[in-house]
Amino acid sequence: MENKTTSLGLSENIEGLLSYLLGWVSGLVFWFLEPQNKFVRFHAMQSIVVFGAITILQIVLGWIPIIGWLLGIVVWIATGILWLFLMYKAYQGEKYKLPWAGEFAEQQANKQ
């Protein structure tokens, strides 16, 4: 994949990676700062959806004594693995779509 620069002056694979760096927060930042590049917008929206949902799940699990806390640890570990994987895929220039969030992210990124 050709590595294009973006409106922020970074290469799109770096911006895609950075969209995941702080979870849904960095996703929001790049969603609003990069209005044209569909690759970056895809990764930003996927970050918002996935890590936003995980944040909500972690909050809910935190309210459930013992079982919720144990499940929260498992979710936290799985989230770390997913986070590294998605950053790696974005850095490689791949538009890796997660099953439900990827389709939604692609639809939103293609709206102009």
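Trainee: How many salt bridges does a search of the whole structure find?

Mentor: A salt bridge is counted when a side-chain nitrogen of Lys or Arg lies within 4 Å of a carboxyl oxygen of Asp or Glu. By that rule, the search of the whole structure finds four. Please note that this is a predicted model, in which local features need pLDDT of at least 70 and side-chain atom pairs count only at pLDDT 80 or more, while totals for chains, interfaces and linings use all residues. Residues are numbered from 1 along each chain as its sequence is written, and side-chain values use heavy atoms, with hydrogens and water left out.

Trainee: Which residue forms a salt bridge with E94?

Mentor: The partner of E94 is K89, and their closest N and O atoms are 3.2 Å apart. To describe the surroundings, one uses relative accessible area: under 20% is buried, over 50% is exposed, and anything in between is partly exposed (1.4 Å probe, protein chains only). E94 is partly exposed at 32%, whereas K89, at 16%, counts as buried.

Trainee: Which residues do salt bridges with shared partners join into one network?

Mentor: Consider K97 in two salt bridges. With E103, the closest N and O atoms are 2.9 Å apart; with E106, the N to O distance is 2.8 Å. Salt bridges that share partners join K95, K97, E103 and E106 into one network.

Trainee: Over the face of which residue does K95 lie?

Mentor: A charge sits over a ring if NZ of Lys or CZ of Arg is within 6 Å of the ring centre and within 35 degrees of the ring normal. K95 lies over the face of F42, at 5.6 Å from the ring centre. The charged end of R41 likewise sits over a ring, that of W31, 3.6 Å from its centre.

Trainee: How many aromatic pairs does a search of the whole structure find?

Mentor: Rings of Phe, Tyr and Trp (its six-membered ring) pair if their centres lie within 6.5 Å; planes under 30 degrees apart are stacked, over 60 edge-to-face, and the rest tilted. The search finds two such pairs. The ring centres of Y20 and F51 are 6.3 Å apart and the planes stand at 75°, so this pair is edge-to-face. Y20 belongs to helix α1 (residues 12-21) and F51 to helix α3 (residues 38-62), so the pair ties together parts that are 31 residues apart in sequence. Helices here are DSSP runs (H or I, at least four residues), numbered from the N terminus. Both Y20 and F51 are buried. F85 and Y96 also form an edge-to-face pair, with 4.9 Å centre to centre and 90° between the planes. F85 lies in helix α4 (residues 67-91) and Y96 in the loop between α4 and α5 (101-110), eleven residues apart. F85 is partly exposed at 31%, and Y96 is partly exposed at 32%.

Trainee: Which residues of α1 are buried?

Mentor: They are E12, N13, E15, G16, S19 and Y20. These residues cover an arc of only 165° around the axis, taken from the directions of the C-beta atoms, which puts them on the same side of α1. They pack against α2 (24-33), α3 and α4. One of them, G16, has 0% relative accessibility. Contact means heavy atoms within 4.5 Å; not counting residues up to four places away in sequence, G16 touches F39, V40, H43 and A90. Just after α1, G23 takes a positive phi of about 65°.

Trainee: How many residues has the largest nonpolar core?

Mentor: In soluble globular proteins, nonpolar side chains tend to be buried together. A nonpolar core is a set of buried Ala, Val, Leu, Ile, Met, Phe, Trp, Tyr and Cys residues joined through side-chain atoms within 4.5 Å. The largest one has 22 residues, and those with the most contacts inside it are Y20, W31, M45, V50, F51, I54 and L86. The elements giving two or more residues to this core are α2, α3, α4 and α5, and its largest share, eleven residues, comes from α3. Leaving aside neighbours within four places in sequence, V50 is in contact with L82, L98 and A101.
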